[in-house]
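These are my notebook entries on a structure that I went through element by element. The entries follow the order in which I looked things up.

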Amino acid sequence: MNEPPASAQPGPGPSGQDIAGPVAAFCNVSIAFDGPPVLTDVSFSIAPGETRVLLGPAGVGKSVLLKLANGLLRPDEGRILLFGEEIARMPEEQLFALRARTGMVFQEGALFDSLSVRDNVAYQLIQERVPNSEIDRRVRDALRFVELEETFDLYPASLSGGMRRRVAIARAFIRQPELLLYDSPTGGLDPVTSTTIIELIVKERDVSHTPSLLVTHRLQDALVLCNHRFDPEQGRMVPFPKGETDPSTTFLMLEEGRLIFDGSLHDLVKSQNPFVREFLE
Amino acid sequence: MAIQTIEKTAKNLILTVQDYSLFAWRAFTNLYRPPIYWSEFLVQSDIIGFGSLPIVVLSGLSTGGVLALQSSATLAQFGATAITGQFVSLTMIRELGPVLTGVMVSGRNASSMASELGSMVVTEQIDAMRALGVDPLRKLVTPRIFASIAMLFFLTIVADACGIAGGGLVTVFMNHQNGTQYLNMAWEHLRYPDIIQGLVKPLFFGYILSSIGCFYGLRTTGGTQGVGRSTIEAVVWSSVLIIFVDFLLTQVLLTLFPAL
Ligand SMILES: Nc1ncnc2c1ncn2[C@@H]1O[C@H](COP(=O)(O)OP(=O)(O)OP(=O)(O)O)[C@@H](O)[C@H]1O
Ligand SMILES: [Mg+2]
């Protein structure tokens, strides 16, 4: 079993309540669709303030794992805790309130193509009947965060892939979620745009300390994430001094449905597991 | 082998019916529990109601016209052309108005619901909505169902009126018979049971076409091709079900309000 270490600092959730245990935890989770199992006996947890990077080859079940974390999919076996509540068997109606406290960036962005960028980003606020003037202000703030203020009135169809991804990030950030789930936020993008997006994630990590689970199959991104910190004075991310890495960023690795690695970058580099070695090369 | 295939098909069918019943029930009872998305309801009413108006008017007029043409030829043999009006209005109001409108609107809107929701499923927009804490059943399905029920009711009245008008035009300009007599006959022989029958049916048909459209849309799998499949299933099943339920309803309503 995977008992998370008791965290020294309280949960950074904006609602202010300290979650004593992990923000999210998987206990012996298995899931299969029609066919061989996709995930088998997966256990891990996300502590407050922690950023977990999930690595693995294409088709191994990373997106499935992420969708299990906020109850979009149900496991066949095992327990999943989200904000201290067991969600694997929770009725869908009760799940909506919990999900609203998480932010999710989908692999393809999943923007609502019938809504403008403003309405996409403001989606949750509109549902909560926040006054229009406040919505506009907060949407502009969120879009400024992802450096896309000029897209306010545009529709998703007229945005590039990288812009869409950033709008999706703004939509996930707007309500200051207590857990962020990023599904391959840099997948299929050029290196420059990828770095822009990783910089946003580093910024969110170091400014808000929101716990997060980030899926990627690019080791490069994971390393940048680990080796950089956000410098509020310069307003951009800067590398750590040589040999230092971000202590709150740790790694998970999936192979054929099983979690074969759970630990820090240091452990990852030292790992003797042949699959991990192959992945690193 | 063959038995296994039959067994599998039967199982699938029963499972689908079970899923559909649960789905339809949940979507329906959502109307009594907040949040209710009224603005969605209005948008959908506009799309379904005003959008379908032209096809309903056209098909109503032509059907009424055809009824008058066909019936007057037959009735002439008995020297009874005078009751053309009664024939057209009763047929339109009791049967053809509701069924025709139901099938036309399901061709137009059950298909659009299935393809719209289906595309949202395959592009993960439905998952995104759920991840943002919004129930797609409340936000997308319930407004469509109630807009369809309300609009089909009014569209059926329009179709009935157009049918009677179409029959009248044919009677006067093509059969060269007396228009006043036509209208009198159309009006005088109408009784409340006929009208009730004609107005209860669209409530059911609206429910059927929208819940089937949304049901198949939301259970889309397999990319754009899947969207196409869902759309076909939605149109086929909603049309077939409308005609079948019409048969059942007519039975029940004739028992409750005996005609003649
Ligand atoms: N809804 C579903 N129905 C059936 N099978 C599914 C479903 N979702 C995922 N799968 C299967 O689960 C496996 C893992 O898929 P998943 O999308 O999680 O991969 P991934 O690790 O995210 O890959 P990539 O890096 O390419 O995004 C695949 O074999 C896929 O076919
Ligand atoms: Mg994926």
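In what order do the elements of chain B run from the N terminus on? I read them as α-α-α-α-α-α-α-α. Chain B has 8 helices and 0 strands, where helices (H or I, at least four residues) and strands (E, at least two) are DSSP runs numbered from the N terminus. I also noted that the C-alpha trace of chain B spans about 65 × 50 × 35 Å along its principal axes.

Conventions. I record that this is a predicted model, in which local features need pLDDT of at least 70, side-chain atom pairs count only at pLDDT 80 or more, and totals for chains, interfaces and linings use all residues. Residues are numbered from 1 along each chain as its sequence is written, chains are lettered from A and ligands numbered from 1 in the order in which they are written, and side-chain values use heavy atoms, with hydrogens and water left out.

Interface. I looked up the contact (heavy atoms within 4.5 Å) and found that it takes 22 residues from chain A and 17 residues from chain B. The area buried between the two chains is about 1700 Å², and carbon and sulfur atoms give 54% of it; buried area here is the accessible area (1.4 Å probe) that two parts lose on being put together, summed over both. I then listed 4 salt bridges across the interface of chain B and chain A, a salt bridge being a side-chain nitrogen of Lys or Arg within 4 Å of a carboxyl oxygen of Asp or Glu. In the salt bridge of A:K67 with B:D127, the closest N and O atoms are 3.5 Å apart. On the side of chain B that touches chain A, α4 (125-131) and α5 (136-174) of chain B each supply at least two residues. The largest share of that side, 6 residues, comes from α4(B). I divided the residues of that side of chain B into 8 nonpolar, 3 polar and 6 charged.

Ligand 1. I find ligand 1 surrounded by residues of chain A, among them A:F33, A:V38, A:K62, A:Q107 and A:H217. Helix α1 (residues 62-69) of chain A gives the most to this shell, with 3 residues. For backbone polar atoms, I recorded an oxygen atom of ligand 1 at 3.2 Å from A:V60, one at 3.0 Å from A:G61, and one at 3.0 Å from a backbone N or O atom of A:V64. Of the 630 Å² of accessible area that ligand 1 has on its own, the protein covers 59% (Shrake-Rupley method with a 1.4 Å probe).

A:S158. Where is A:S158 found? I located A:S158 in the loop between α5 (132-145) and α6 (161-173) of chain A. The side chain of A:S158 reaches the backbone oxygen of A:Y155 at 2.8 Å. A:D113 is 45 residues from A:S158 along the chain, and their C-alpha atoms are separated by 9.9 Å.

Key. Near = heavy atom within 4 Å. Polar contact = N/O pair within 3.5 Å; in protein donor to acceptor, adjacent residues only side chain to side chain. Nonpolar A, V, L, I, M, F, W, Y, C, P; charged D, E, K, R; others polar.
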